[in-house]
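Subject: Handing over the structure, with notes on what was found

Dear colleague,

I am passing the structure on to you with this email, and I would be glad if you kept it open while you read.

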Amino acid sequence: MTENRASTASPVARTIDLLGDRVAMAILRDAFVDHVRRFSDWLDRTGAPPAILTSRLNALVDAGLMRRSPRSGGYDRNDYLLTDLGLATWELLVSIWTWQREWSAAGLLQPELVHAPCGHRGPPELVCRPCGRMVKARDVRVELDPAALVATGKGWRRSSRSTPPLSRADLQFTEVMEAIGDRWSALVTGLALSGVRRFGEFRSILEISPTTLADRLARLSEARMITRGEGDREYSMTPRGRALFPIFAFQLAWSQRAHPDVPPEQLGPCLYHDACGNQFAPALHCRGCDATLERTSVHFEA
């Protein structure tokens with residue numbers, strides 16, 4: 001990711017480029033779960049090539065998610081520490097963990113999420129922060145700014161398939177990256193979650209080439225996120241695909257936090273909770289005690 005390309009991209013595009021990269025997510029995951037802070041430790045744990053690891057750490061620093069803390073002597077001259085903006089990705093990481101735990105073959109390799117106050121172990125549930133009700137994708141209305149969506153998809157994109165494999169199976173994120181690993185995949189998945197079904201409608205909204213759209217739909221179908229219906233080029237989300245909704249909700253929420261000066265309608269899709277009428281602000285509730293989870297109230301155990 002080069003600075004000039006990142007700086008000219010829309011806020012949502014920058015979010016997808018940064019938080020839709022498996023190496024960047026592996027860095028954040030290790031920083032949260034195991035408090036990793038040194039380049040050499042990430043090199044050993046992820047197996048990522050040094051140049052790519054350096055690039056992703058630089059991108060996280062440039063985007064304000066991490067900061068360098070100088071150390072004296074040694075091979076690692078800096079510690080990399082999460083900033084407040086970096087810490088704010090914790091709900092997104094938990095949502096990705098939840099999806100992998102429930103829908104991927106590597107789910108059993110995931111550590112256990114524990115809510116410390118009540119001791120409950122396991123995935124939380126997505127709720128609307130203003131009203132506290134449990135929320136599924138079908139409970140949320142999506143308002144789209146077509147110009148913002150087209151701007152998000154245009155320009156430079158990194159394919160998730162070009163990212164080298166990581167050494168640890170629980171850091172691969174391979175399956176979920178089919179849906180969030182590049183801009184077009186993320187936009188197609190987001191529109192499918194909002195109820196868009198026909199090939200022509202995807203094309204019209206995104207102004208995407210038929211070849212690119214067919215490729216992304218084929219990849220999502222191969223990953224069993226969507227299925228093709230009996231109608232003429234009509235697609236619908238599978239339960240596996242609909243389970244991605246919390247990931248997209250927290251990506252949008254984080255993008256709004258990272259770009260507070262940008263009006264919400266210019267960031268891309270705006271989500272509204274039909275039951276309470278408020279703009280949807282996602283939160284996570286413990287299934288054991290029904291409390292809203294906070295970053296400091298949860299931890300992972302092997």
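Before we come to how helices pass one another, please keep in mind that a crossing is called left-handed if the near helix is turned anticlockwise from the far one by less than a right angle, and right-handed if clockwise. Helices (H or I, at least four residues) and strands (E, at least two) are DSSP runs, numbered from the N terminus.

The model is predicted, and for that reason local features need pLDDT of at least 70 and side-chain atom pairs count only at pLDDT 80 or more, whereas totals for chains, interfaces and linings use all residues. Residues are numbered from 1 along each chain as its sequence is written, and side-chain values use heavy atoms, with hydrogens and water left out.

**Helices that pack**

The axes named here are lines fitted to C-alpha atoms, for helices over the stretch in contact, and the angles run from 0 to 180 degrees between N-to-C directions. Helix 10 and helix 11 pack at an angle of about 120°, and their axes are 11 Å apart. That makes helix 10 oblique to helix 11, given that angles under 35 degrees count as roughly parallel, over 145 as roughly antiparallel, 65 to 115 as roughly perpendicular and the rest as oblique. The crossing of these two, helix 10 and helix 11, is right-handed. Contact (heavy atoms within 4.5 Å) is made by Trp 184, Leu 187, Val 188, Leu 191 and Ala 192 on the side of helix 10, and by Phe 202, Ile 205 and Leu 206 on the side of helix 11.

Helix 11 also packs with helix 12 (residues 210-222), at an angle of about 120° and with the axes 10 Å apart, which makes helix 11 oblique to helix 12. Helix 11 passes helix 12 in a right-handed crossing, where Phe 199, Phe 202 and Arg 203 of helix 11 meet Pro 210, Leu 213, Ala 214 and Leu 217 of helix 12.

Helix 8 (residues 146-153) holds the buried residues Ala 148, Leu 149, Val 150, Thr 152 and Gly 153, where buried means under 20% relative accessible area, exposed over 50%, and partly exposed in between (1.4 Å probe, protein chains only). Among the elements that cover these buried residues of helix 8 are helix 2 (11-19), helix 10 (183-193) and helix 11 (199-206).

**Aromatic rings**

How many aromatic pairs does a search of the whole structure find? There are 3 aromatic pairs, counted by the rule that rings of Phe, Tyr and Trp (its six-membered ring) pair if their centres lie within 6.5 Å, with planes under 30 degrees apart taken as stacked, over 60 as edge-to-face and the rest as tilted. In one of the pairs, the ring centres of Trp 42 and Tyr 80 are 6.3 Å apart and the planes are at 70°, so the pair is edge-to-face. This pair links distant parts of the chain, since Trp 42 is in helix 4 (residues 39-46) and Tyr 80 in strand 2 (residues 78-82), 38 residues apart. Trp 42 and Tyr 80 are both buried.

In another pair, the ring centres of Phe 245 and Phe 280 are 6.1 Å apart with planes at 20°, so the pair is stacked. Phe 245 belongs to helix 14 (residues 245-258), and Phe 280 to the loop between strand 8 (270-273) and strand 9 (282-285), 35 residues apart. Phe 245 and Phe 280 are both buried.

**Single residues to look up**

Asp 30, found in helix 3 (residues 22-33), counts as buried at 0% relative accessibility. Leaving out residues up to four places away in sequence, Asp 30 touches His 35, Val 36, Trp 42, Arg 45, Thr 46, Arg 168 and Leu 171.

Val 298 is found in strand 10 (residues 298-301) and is buried, with a relative accessible area of 15%. Val 298 and Leu 113 are 185 residues apart in sequence, and yet 6.9 Å apart in space, C-alpha to C-alpha.

Asp 290 lies in the loop between strand 9 and strand 10 and has a positive phi of about 70° although it is not a glycine; Asp 290 is partly exposed, with a relative accessible area of 49%.
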